[in-house]
Amino acid sequence: MTENPLFWRAAMWAGLISLDITGCGPWMVSQPLAAGPLFGWVMGQVKVGVVIGGIVQLIWMDISPVGVGIPFDVTAVTLLAVYWASLQPDCSLAHMMLALAAAVPLGYLFCAMDSYARRLNTVAVRRLEDVPDAYLSLSLNLGILGGLAWSWIRYVIFFALLMWGGGELWEWALRHPLPPWVDVGLTYAAILLPVAGLGVALELFLTEDPERRYPSLQGFKKR
Amino acid sequence: MNPFVALCHTYARSFFLQTLWNFERLQNVGFAFSMAPLLGQLDHSKTAFRKLLRRQLLFFNTHPYFAPIVMGVVYAKEKARTGGVEDEDQTLTVLKDSMGGAFGAVGDHVIWGTWRPFAAVVALSTGILVAEPSRSWQVCAQWWVAGFLCMFNAVHLWLRWRGLQKAVQEGPGVVRWVESLHLQGWAAQLRRMGLFLLAVLVLVYLGRSSSSNLLLWMVGVLLGAIVLKRWSLSGFAIFYLVIAVAMALSSFGVR
(Lines give C-alpha, C1' and ligand atoms only; values in the text may rest on other atoms or scores of the structure.)
Protein backbone atom coordinates (compact mmCIF):
# COMPACT_ATOMS: atom_id res chain seq x y z
CA MET A 1 0.00 0.00 0.00
CA THR A 2 2.90 2.34 0.65
CA GLU A 3 4.25 1.84 -2.89
CA ASN A 4 1.49 3.98 -4.31
CA PRO A 5 0.87 7.04 -2.12
CA LEU A 6 -1.62 8.47 -4.67
CA PHE A 7 -4.65 6.91 -2.97
CA TRP A 8 -3.58 8.30 0.43
CA ARG A 9 -3.26 11.80 -0.98
CA ALA A 10 -6.57 11.40 -2.84
CA ALA A 11 -8.27 10.01 0.30
CA MET A 12 -7.08 12.99 2.36
CA TRP A 13 -8.56 15.42 -0.17
CA ALA A 14 -11.74 13.35 -0.38
CA GLY A 15 -12.00 13.44 3.44
CA LEU A 16 -11.59 17.20 3.40
CA ILE A 17 -14.34 17.64 0.79
CA SER A 18 -16.63 15.27 2.72
CA LEU A 19 -16.27 17.36 5.90
CA ASP A 20 -18.61 19.79 4.18
CA ILE A 21 -21.53 17.34 4.65
CA THR A 22 -21.82 17.73 8.44
CA GLY A 23 -18.37 18.67 9.77
CA CYS A 24 -18.22 22.34 8.81
CA GLY A 25 -20.64 24.35 6.73
CA PRO A 26 -22.36 23.06 4.68
CA TRP A 27 -20.83 25.23 1.94
CA MET A 28 -21.96 22.88 -0.85
CA VAL A 29 -18.40 21.98 -1.80
CA SER A 30 -19.54 18.38 -1.30
CA GLN A 31 -22.21 18.69 -4.01
CA PRO A 32 -21.17 16.61 -7.05
CA LEU A 33 -21.26 19.69 -9.29
CA ALA A 34 -18.41 21.24 -7.25
CA ALA A 35 -16.78 18.11 -5.79
CA GLY A 36 -16.44 16.38 -9.19
CA PRO A 37 -14.43 19.10 -11.01
CA LEU A 38 -12.44 19.97 -7.85
CA PHE A 39 -11.42 16.35 -7.33
CA GLY A 40 -10.79 16.04 -11.07
CA TRP A 41 -8.24 18.88 -10.70
CA VAL A 42 -6.62 17.07 -7.78
CA MET A 43 -6.39 13.92 -9.89
CA GLY A 44 -5.19 15.82 -12.96
CA GLN A 45 -8.24 14.97 -15.12
CA VAL A 46 -10.77 17.79 -15.10
CA LYS A 47 -12.85 16.22 -17.88
CA VAL A 48 -13.50 13.13 -15.73
CA GLY A 49 -14.61 15.33 -12.82
CA VAL A 50 -16.94 17.40 -15.02
CA VAL A 51 -18.61 14.41 -16.70
CA ILE A 52 -19.09 12.37 -13.51
CA GLY A 53 -19.95 15.35 -11.29
CA GLY A 54 -22.51 16.66 -13.79
CA ILE A 55 -24.27 13.31 -14.20
CA VAL A 56 -24.42 12.57 -10.45
CA GLN A 57 -25.68 16.10 -9.69
CA LEU A 58 -28.53 15.78 -12.19
CA ILE A 59 -29.63 12.21 -11.36
CA TRP A 60 -29.57 12.84 -7.58
CA MET A 61 -30.70 16.49 -7.69
CA ASP A 62 -33.41 15.87 -5.07
CA ILE A 63 -31.17 14.29 -2.41
CA SER A 64 -31.40 16.36 0.78
CA PRO A 65 -30.63 15.81 4.47
CA VAL A 66 -34.22 16.24 5.70
CA GLY A 67 -34.90 15.81 9.44
CA VAL A 68 -32.99 12.94 11.03
CA GLY A 69 -32.69 11.03 7.75
CA ILE A 70 -29.23 10.38 6.34
CA PRO A 71 -29.39 10.61 2.57
CA PHE A 72 -27.62 8.47 -0.02
CA ASP A 73 -24.00 9.72 -0.14
CA VAL A 74 -23.61 11.30 -3.58
CA THR A 75 -20.30 12.90 -2.58
CA ALA A 76 -18.67 9.50 -1.97
CA VAL A 77 -20.07 8.17 -5.26
CA THR A 78 -18.61 11.14 -7.16
CA LEU A 79 -15.19 11.08 -5.49
CA LEU A 80 -14.70 7.30 -5.83
CA ALA A 81 -15.82 7.28 -9.47
CA VAL A 82 -13.54 10.21 -10.34
CA TYR A 83 -10.61 8.54 -8.57
CA TRP A 84 -10.98 5.17 -10.32
CA ALA A 85 -11.61 6.70 -13.73
CA SER A 86 -8.58 8.98 -13.32
CA LEU A 87 -6.28 6.01 -12.82
CA GLN A 88 -6.46 5.54 -16.58
CA PRO A 89 -4.71 8.30 -18.56
CA ASP A 90 -7.11 9.97 -21.04
CA CYS A 91 -10.02 7.99 -19.68
CA SER A 92 -12.74 7.21 -22.26
CA LEU A 93 -16.44 7.92 -21.69
CA ALA A 94 -17.12 4.18 -21.47
CA HIS A 95 -14.59 3.74 -18.67
CA MET A 96 -15.96 6.79 -16.82
CA MET A 97 -19.40 5.18 -16.86
CA LEU A 98 -17.93 1.87 -15.72
CA ALA A 99 -16.24 3.61 -12.77
CA LEU A 100 -19.48 5.40 -11.95
CA ALA A 101 -21.53 2.18 -12.14
CA ALA A 102 -19.06 0.57 -9.72
CA ALA A 103 -19.16 3.53 -7.31
CA VAL A 104 -22.94 4.03 -7.10
CA PRO A 105 -23.73 1.15 -4.64
CA LEU A 106 -21.03 2.50 -2.31
CA GLY A 107 -23.22 5.54 -1.68
CA TYR A 108 -25.26 3.24 0.58
CA LEU A 109 -22.12 1.97 2.32
CA PHE A 110 -21.08 5.53 3.20
CA CYS A 111 -24.63 6.24 4.29
CA ALA A 112 -24.44 3.27 6.70
CA MET A 113 -21.00 4.40 7.89
CA ASP A 114 -22.42 7.85 8.63
CA SER A 115 -25.30 6.30 10.54
CA TYR A 116 -22.93 4.31 12.80
CA ALA A 117 -20.68 7.36 13.25
CA ARG A 118 -23.67 9.35 14.49
CA ARG A 119 -24.45 6.59 16.99
CA LEU A 120 -20.91 6.89 18.28
CA ASN A 121 -21.44 10.65 18.45
CA THR A 122 -24.39 9.94 20.75
CA VAL A 123 -22.10 8.09 23.17
CA ALA A 124 -19.50 10.89 23.00
CA VAL A 125 -22.17 13.54 23.60
CA ARG A 126 -23.47 11.69 26.68
CA ARG A 127 -19.93 11.75 28.11
CA LEU A 128 -19.62 15.42 27.25
CA GLU A 129 -22.87 16.25 29.01
CA ASP A 130 -21.67 14.52 32.17
CA VAL A 131 -18.69 16.83 32.76
CA PRO A 132 -18.93 19.23 35.73
CA ASP A 133 -20.21 22.73 34.95
CA ALA A 134 -16.76 24.26 35.41
CA TYR A 135 -15.38 22.27 32.46
CA LEU A 136 -18.40 22.46 30.18
CA SER A 137 -17.15 25.32 28.00
CA LEU A 138 -13.77 23.65 27.49
CA SER A 139 -15.45 20.29 26.81
CA LEU A 140 -17.64 21.84 24.13
CA ASN A 141 -14.57 23.28 22.37
CA LEU A 142 -12.70 20.00 22.58
CA GLY A 143 -15.82 18.07 21.56
CA ILE A 144 -16.22 20.08 18.36
CA LEU A 145 -12.50 19.82 17.58
CA GLY A 146 -12.56 16.08 18.27
CA GLY A 147 -15.72 15.68 16.19
CA LEU A 148 -14.06 17.38 13.22
CA ALA A 149 -10.90 15.28 13.52
CA TRP A 150 -12.92 12.08 13.96
CA SER A 151 -15.09 12.84 10.91
CA TRP A 152 -12.05 13.53 8.75
CA ILE A 153 -10.15 10.44 9.91
CA ARG A 154 -13.06 8.05 9.35
CA TYR A 155 -13.66 9.47 5.88
CA VAL A 156 -9.95 9.23 5.01
CA ILE A 157 -9.75 5.60 6.20
CA PHE A 158 -12.90 4.57 4.31
CA PHE A 159 -11.86 6.39 1.14
CA ALA A 160 -8.29 5.05 1.34
CA LEU A 161 -9.51 1.45 1.72
CA LEU A 162 -12.00 1.70 -1.13
CA MET A 163 -9.67 3.66 -3.40
CA TRP A 164 -6.88 1.16 -2.87
CA GLY A 165 -9.05 -1.99 -3.08
CA GLY A 166 -11.14 -0.65 -5.96
CA GLY A 167 -7.98 0.62 -7.68
CA GLU A 168 -6.46 -2.86 -7.65
CA LEU A 169 -9.65 -4.33 -9.16
CA TRP A 170 -9.82 -1.48 -11.64
CA GLU A 171 -6.26 -2.06 -12.83
CA TRP A 172 -7.00 -5.76 -13.21
CA ALA A 173 -10.15 -4.93 -15.22
CA LEU A 174 -8.24 -2.53 -17.48
CA ARG A 175 -5.91 -5.34 -18.53
CA HIS A 176 -8.96 -7.01 -20.13
CA PRO A 177 -10.47 -4.83 -22.88
CA LEU A 178 -14.25 -4.39 -22.83
CA PRO A 179 -16.21 -6.29 -25.51
CA PRO A 180 -17.15 -3.82 -28.30
CA TRP A 181 -20.90 -3.93 -27.54
CA VAL A 182 -20.27 -3.13 -23.86
CA ASP A 183 -17.92 -0.30 -24.81
CA VAL A 184 -20.52 1.18 -27.18
CA GLY A 185 -23.28 0.59 -24.60
CA LEU A 186 -21.40 2.46 -21.90
CA THR A 187 -20.72 5.33 -24.33
CA TYR A 188 -24.47 5.46 -25.01
CA ALA A 189 -25.03 5.51 -21.25
CA ALA A 190 -22.79 8.60 -21.03
CA ILE A 191 -25.13 10.28 -23.55
CA LEU A 192 -28.40 9.05 -22.03
CA LEU A 193 -27.64 9.55 -18.31
CA PRO A 194 -27.48 13.39 -18.54
CA VAL A 195 -30.86 13.26 -20.36
CA ALA A 196 -32.34 11.14 -17.56
CA GLY A 197 -30.81 13.58 -15.07
CA LEU A 198 -32.47 16.50 -16.85
CA GLY A 199 -35.75 14.58 -16.57
CA VAL A 200 -35.23 14.12 -12.81
CA ALA A 201 -34.46 17.85 -12.43
CA LEU A 202 -37.50 18.81 -14.53
CA GLU A 203 -39.72 16.67 -12.31
CA LEU A 204 -38.26 18.31 -9.20
CA PHE A 205 -39.05 21.80 -10.49
CA LEU A 206 -42.49 20.73 -11.69
CA THR A 207 -43.44 19.43 -8.23
CA GLU A 208 -45.35 21.97 -6.19
CA ASP A 209 -45.91 19.83 -3.09
CA PRO A 210 -42.86 20.13 -0.79
CA GLU A 211 -43.48 16.69 0.74
CA ARG A 212 -43.11 15.08 -2.65
CA ARG A 213 -39.70 16.69 -3.09
CA TYR A 214 -37.92 14.13 -0.96
CA PRO A 215 -39.11 10.75 -2.24
CA SER A 216 -35.56 9.53 -2.62
CA LEU A 217 -34.62 9.94 1.00
CA GLN A 218 -33.66 6.31 0.81
CA GLY A 219 -31.11 6.62 3.56
CA PHE A 220 -31.02 5.47 7.13
CA LYS A 221 -33.39 6.83 9.71
CA LYS A 222 -33.27 6.58 13.45
CA ARG A 223 -33.98 3.04 14.59
CA MET B 1 -15.39 40.74 24.56
CA ASN B 2 -16.81 43.47 22.31
CA PRO B 3 -20.51 42.69 21.43
CA PHE B 4 -19.78 42.82 17.70
CA VAL B 5 -16.83 40.44 18.11
CA ALA B 6 -19.05 38.09 20.15
CA LEU B 7 -21.63 38.19 17.35
CA CYS B 8 -18.90 37.36 14.81
CA HIS B 9 -17.71 34.48 17.00
CA THR B 10 -21.21 33.03 17.23
CA TYR B 11 -21.60 33.45 13.47
CA ALA B 12 -18.32 31.62 12.77
CA ARG B 13 -19.11 28.89 15.31
CA SER B 14 -22.55 28.29 13.80
CA PHE B 15 -20.83 26.59 10.84
CA PHE B 16 -19.98 23.75 13.24
CA LEU B 17 -23.60 23.23 14.27
CA GLN B 18 -23.72 19.67 12.94
CA THR B 19 -20.17 18.52 13.75
CA LEU B 20 -21.39 16.38 16.67
CA TRP B 21 -24.82 15.59 15.24
CA ASN B 22 -26.25 12.70 17.30
CA PHE B 23 -29.45 10.66 17.28
CA GLU B 24 -30.43 11.62 20.83
CA ARG B 25 -30.41 15.43 20.86
CA LEU B 26 -29.39 16.11 17.25
CA GLN B 27 -27.64 19.52 17.00
CA ASN B 28 -27.49 20.30 20.74
CA VAL B 29 -23.68 20.39 21.10
CA GLY B 30 -23.23 22.62 18.05
CA PHE B 31 -25.95 24.92 19.36
CA ALA B 32 -24.38 25.27 22.82
CA PHE B 33 -20.91 25.72 21.27
CA SER B 34 -22.18 28.52 19.02
CA MET B 35 -24.14 30.22 21.81
CA ALA B 36 -21.20 30.44 24.25
CA PRO B 37 -19.72 33.79 23.01
CA LEU B 38 -23.14 35.48 22.98
CA LEU B 39 -24.09 34.16 26.42
CA GLY B 40 -20.75 35.45 27.71
CA GLN B 41 -22.05 38.94 26.90
CA LEU B 42 -24.78 38.67 29.53
CA ASP B 43 -23.86 40.23 32.82
CA HIS B 44 -23.94 37.00 34.80
CA SER B 45 -21.74 35.34 37.40
CA LYS B 46 -19.56 32.42 36.28
CA THR B 47 -21.94 29.96 37.94
CA ALA B 48 -24.98 31.49 36.21
CA PHE B 49 -23.16 31.47 32.84
CA ARG B 50 -22.28 27.79 33.22
CA LYS B 51 -25.87 26.86 34.13
CA LEU B 52 -27.10 28.89 31.17
CA LEU B 53 -24.65 27.15 28.85
CA ARG B 54 -25.71 23.72 30.10
CA ARG B 55 -29.36 24.55 29.37
CA GLN B 56 -28.39 24.99 25.70
CA LEU B 57 -27.56 21.28 25.57
CA LEU B 58 -31.26 20.35 25.38
CA PHE B 59 -32.62 18.82 22.18
CA PHE B 60 -32.27 21.10 19.18
CA ASN B 61 -32.83 20.62 15.47
CA THR B 62 -33.42 22.98 12.60
CA HIS B 63 -32.14 23.83 9.14
CA PRO B 64 -28.47 24.83 9.67
CA TYR B 65 -28.86 28.15 7.80
CA PHE B 66 -31.73 29.23 10.06
CA ALA B 67 -30.07 28.14 13.31
CA PRO B 68 -28.37 31.56 13.89
CA ILE B 69 -31.85 33.13 13.99
CA VAL B 70 -32.87 30.80 16.83
CA MET B 71 -29.55 31.52 18.57
CA GLY B 72 -30.21 35.27 18.40
CA VAL B 73 -33.74 34.82 19.75
CA VAL B 74 -32.55 32.70 22.70
CA TYR B 75 -29.89 35.31 23.49
CA ALA B 76 -32.37 38.20 23.30
CA LYS B 77 -34.85 36.37 25.55
CA GLU B 78 -32.15 35.49 28.10
CA LYS B 79 -30.97 39.10 28.06
CA ALA B 80 -34.50 40.36 28.73
CA ARG B 81 -35.02 38.03 31.70
CA THR B 82 -35.12 39.60 35.11
CA GLY B 83 -34.21 37.59 38.19
CA GLY B 84 -33.92 33.80 38.59
CA VAL B 85 -31.65 33.42 35.56
CA GLU B 86 -30.33 30.16 36.98
CA ASP B 87 -33.73 28.47 36.55
CA GLU B 88 -34.92 27.13 33.25
CA ASP B 89 -37.50 29.24 31.43
CA GLN B 90 -40.00 26.68 30.09
CA THR B 91 -41.55 29.13 27.65
CA LEU B 92 -38.13 29.77 26.11
CA THR B 93 -37.57 26.02 25.67
CA VAL B 94 -40.93 25.69 23.92
CA LEU B 95 -40.18 28.77 21.78
CA LYS B 96 -36.78 27.37 20.79
CA ASP B 97 -38.27 24.00 19.83
CA SER B 98 -41.16 25.44 17.87
CA MET B 99 -38.94 27.94 16.02
CA GLY B 100 -36.49 25.13 15.23
CA GLY B 101 -39.27 22.99 13.76
CA ALA B 102 -40.80 25.81 11.73
CA PHE B 103 -37.50 27.06 10.33
CA GLY B 104 -36.47 23.47 9.62
CA ALA B 105 -39.52 23.02 7.38
CA VAL B 106 -39.00 26.39 5.65
CA GLY B 107 -35.28 25.68 5.12
CA ASP B 108 -35.89 22.21 3.69
CA HIS B 109 -38.41 23.55 1.22
CA VAL B 110 -36.76 26.85 0.26
CA ILE B 111 -33.03 26.08 0.55
CA TRP B 112 -32.69 22.34 -0.12
CA GLY B 113 -35.77 21.98 -2.31
CA THR B 114 -35.48 25.15 -4.38
CA TRP B 115 -32.42 27.39 -3.98
CA ARG B 116 -29.78 24.66 -4.21
CA PRO B 117 -31.27 22.94 -7.31
CA PHE B 118 -31.81 26.36 -8.90
CA ALA B 119 -28.20 27.48 -8.27
CA ALA B 120 -27.01 24.11 -9.62
CA VAL B 121 -29.10 24.46 -12.80
CA VAL B 122 -27.87 28.05 -13.36
CA ALA B 123 -24.24 26.98 -12.91
CA LEU B 124 -24.72 23.91 -15.13
CA SER B 125 -26.32 25.90 -17.95
CA THR B 126 -23.82 28.78 -17.74
CA GLY B 127 -20.83 26.41 -17.71
CA ILE B 128 -22.09 24.42 -20.71
CA LEU B 129 -23.04 27.51 -22.74
CA VAL B 130 -19.84 29.46 -21.96
CA ALA B 131 -17.61 26.47 -22.69
CA GLU B 132 -19.52 25.57 -25.89
CA PRO B 133 -17.43 27.65 -28.39
CA SER B 134 -14.06 26.48 -27.09
CA ARG B 135 -15.29 23.03 -25.94
CA SER B 136 -12.94 23.48 -22.98
CA TRP B 137 -13.54 21.24 -19.97
CA GLN B 138 -11.40 23.58 -17.88
CA VAL B 139 -13.67 26.57 -18.60
CA CYS B 140 -16.78 24.50 -17.90
CA ALA B 141 -15.34 23.27 -14.59
CA GLN B 142 -14.41 26.80 -13.51
CA TRP B 143 -17.93 28.07 -14.18
CA TRP B 144 -19.51 25.12 -12.42
CA VAL B 145 -17.41 25.36 -9.28
CA ALA B 146 -17.04 29.14 -8.96
CA GLY B 147 -20.50 29.94 -10.31
CA PHE B 148 -22.35 27.45 -8.14
CA LEU B 149 -20.45 28.10 -4.92
CA CYS B 150 -20.51 31.91 -5.25
CA MET B 151 -24.18 32.06 -6.17
CA PHE B 152 -25.38 29.61 -3.53
CA ASN B 153 -23.20 30.90 -0.71
CA ALA B 154 -23.99 34.57 -1.34
CA VAL B 155 -27.55 33.87 -0.15
CA HIS B 156 -26.45 31.33 2.45
CA LEU B 157 -23.92 33.61 4.18
CA TRP B 158 -26.21 36.63 4.03
CA LEU B 159 -29.15 34.71 5.51
CA ARG B 160 -27.05 33.44 8.41
CA TRP B 161 -25.50 36.82 9.23
CA ARG B 162 -28.55 39.01 8.77
CA GLY B 163 -30.75 36.48 10.57
CA LEU B 164 -28.44 36.41 13.58
CA GLN B 165 -28.15 40.21 13.67
CA LYS B 166 -31.89 40.76 13.37
CA ALA B 167 -32.72 38.09 15.96
CA VAL B 168 -30.31 39.59 18.49
CA GLN B 169 -31.92 43.02 17.98
CA GLU B 170 -35.56 42.01 17.74
CA GLY B 171 -35.85 38.72 19.67
CA PRO B 172 -38.93 36.65 18.73
CA GLY B 173 -40.08 39.60 16.58
CA VAL B 174 -37.55 38.40 14.00
CA VAL B 175 -40.29 36.18 12.53
CA ARG B 176 -41.80 39.36 11.03
CA TRP B 177 -38.49 39.96 9.24
CA VAL B 178 -38.46 36.37 7.99
CA GLU B 179 -42.05 36.82 6.78
CA SER B 180 -41.06 40.02 4.99
CA LEU B 181 -38.53 38.03 2.93
CA HIS B 182 -41.46 36.23 1.20
CA LEU B 183 -39.35 33.10 0.94
CA GLN B 184 -42.22 30.91 -0.29
CA GLY B 185 -43.04 33.40 -3.03
CA TRP B 186 -39.40 33.55 -4.10
CA ALA B 187 -39.26 29.76 -4.13
CA ALA B 188 -42.23 29.62 -6.51
CA GLN B 189 -40.60 32.19 -8.82
CA LEU B 190 -37.27 30.36 -8.77
CA ARG B 191 -38.99 27.09 -9.67
CA ARG B 192 -40.51 28.76 -12.74
CA MET B 193 -37.16 30.24 -13.79
CA GLY B 194 -35.46 26.90 -13.14
CA LEU B 195 -37.98 25.15 -15.39
CA PHE B 196 -37.26 27.63 -18.19
CA LEU B 197 -33.49 27.17 -17.85
CA LEU B 198 -33.87 23.40 -17.81
CA ALA B 199 -36.02 23.52 -20.94
CA VAL B 200 -33.25 25.52 -22.70
CA LEU B 201 -30.65 23.04 -21.46
CA VAL B 202 -32.72 20.10 -22.76
CA LEU B 203 -33.05 21.73 -26.19
CA VAL B 204 -29.31 22.52 -26.36
CA TYR B 205 -28.40 18.99 -25.33
CA LEU B 206 -30.83 17.26 -27.69
CA GLY B 207 -29.80 19.62 -30.48
CA ARG B 208 -26.25 18.28 -30.29
CA SER B 209 -27.35 14.76 -31.20
CA SER B 210 -26.26 13.80 -34.71
CA SER B 211 -28.24 10.54 -34.93
CA SER B 212 -32.02 10.68 -35.37
CA ASN B 213 -32.39 7.14 -33.96
CA LEU B 214 -30.54 8.07 -30.80
CA LEU B 215 -32.44 11.36 -30.56
CA LEU B 216 -35.68 9.40 -30.39
CA TRP B 217 -34.30 7.30 -27.54
CA MET B 218 -33.06 10.42 -25.76
CA VAL B 219 -36.56 11.91 -25.81
CA GLY B 220 -37.90 8.57 -24.56
CA VAL B 221 -35.41 8.48 -21.69
CA LEU B 222 -36.22 12.10 -20.76
CA LEU B 223 -39.96 11.44 -20.58
CA GLY B 224 -39.39 8.08 -18.88
CA ALA B 225 -37.23 9.68 -16.18
CA ILE B 226 -39.92 12.29 -15.46
CA VAL B 227 -42.61 9.60 -15.14
CA LEU B 228 -40.43 7.27 -13.04
CA LYS B 229 -39.47 10.10 -10.70
CA ARG B 230 -43.12 11.03 -10.34
CA TRP B 231 -43.71 7.41 -9.29
CA SER B 232 -41.06 7.99 -6.58
CA LEU B 233 -38.47 5.69 -8.13
CA SER B 234 -35.03 6.33 -6.63
CA GLY B 235 -32.08 7.86 -8.49
CA PHE B 236 -30.29 4.53 -7.92
CA ALA B 237 -32.93 2.59 -9.88
CA ILE B 238 -33.13 5.21 -12.65
CA PHE B 239 -29.33 5.16 -13.02
CA TYR B 240 -29.09 1.40 -13.59
CA LEU B 241 -32.24 1.36 -15.73
CA VAL B 242 -30.65 3.89 -18.11
CA ILE B 243 -27.44 1.81 -18.24
CA ALA B 244 -29.55 -1.26 -19.09
CA VAL B 245 -31.35 0.66 -21.86
CA ALA B 246 -27.99 1.84 -23.26
CA MET B 247 -26.65 -1.72 -23.24
CA ALA B 248 -29.80 -2.97 -24.98
CA LEU B 249 -29.47 -0.26 -27.66
CA SER B 250 -25.85 -1.25 -28.23
CA SER B 251 -26.57 -4.97 -28.47
CA PHE B 252 -29.46 -4.36 -30.91
CA GLY B 253 -27.10 -2.29 -33.05
CA VAL B 254 -28.92 1.07 -32.79
CA ARG B 255 -26.67 3.79 -34.23
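These notebook entries record what I looked up in the predicted model of chains A and B.

**Ground rules.** I number residues from 1 along each chain as its sequence is written, and chains are lettered from A and ligands numbered from 1 in the order in which they are written. Because the model is predicted, local features need pLDDT of at least 70 and side-chain atom pairs count only at pLDDT 80 or more, while totals for chains, interfaces and linings use all residues.

**Contact between the chains.** I looked up the contact, counting two residues as touching if their C-beta atoms, placed from the backbone, lie within 7 Å. Chain B gives 70 residues and chain A gives 72 residues. On the side of chain B that touches chain A, the elements that give two or more residues include helix 5 (90-131), helix 8 (183-207) and helix 9 (212-230). Helix 10 of chain B gives the most to that side, with 12 residues. Helices here are DSSP runs (H or I, at least four residues), numbered from the N terminus. By class, that side of chain B has 47 nonpolar, 13 polar and 10 charged residues. In this scheme Ala, Val, Leu, Ile, Met, Phe, Trp, Tyr, Cys and Pro count as nonpolar, Asp, Glu, Lys and Arg as charged, and the others, Gly among them, as polar.

**Core.** I then checked the largest nonpolar core, which has 142 residues. Such a core is a set of buried Ala, Val, Leu, Ile, Met, Phe, Trp, Tyr and Cys residues joined through C-beta atoms within 7 Å; buried means 20 or more other C-beta atoms within 10 Å of the residue's own, exposed means 12 or fewer, and partly exposed is in between. A:Leu192 and B:Trp144 have the most contacts inside the core. Helix 8 (residues 180-206) of chain A gives the most to this core, with 16 residues. Domain 1 (3-97) and domain 2 (210-255) of chain B both give residues to this core, so it lies between them. The domain bounds come from an automatic or database domain assignment. I noted that the centres of these two domains of chain B, taken over C-alpha atoms, are separated by 50 Å.

**Helix 8 of chain A.** I found 21 of its 27 residues buried, so helix 8 of chain A is largely enclosed by the rest of the structure. A kink of about 30° lies at A:Ile191, shortly before the proline A:Pro194; the bend is the angle between axes fitted to the seven residues ending there and the seven starting there. A:Leu192, leaving out residues up to four places away in sequence, touches B:Met218, B:Val221, B:Val242, B:Val245 and B:Ala246.

**Helix 4 of chain B.** Of the 14 residues in helix 4 of chain B, 10 are buried. Its buried residues pack against several helices of chain B, including helix 1 (3-13) and helix 7 (174-180). B:Val73 lies in this helix and counts as buried, with 25 C-beta neighbours inside 10 Å. Setting aside neighbours within four places in sequence, I found B:Val73 in contact with B:Met99, B:Ala167, B:Gly171, B:Pro172 and B:Val174.

Most residues other than glycine have a negative phi, and most peptide bonds are trans. I noted that the bond from A:Gly25 to A:Pro26 is cis, with omega near -5°. B:His182 has a positive phi of about 50° and counts as exposed, with 11 C-beta neighbours inside 10 Å. B:Ser232 has phi near 65° and lies in the loop between helix 9 and helix 10 of chain B.
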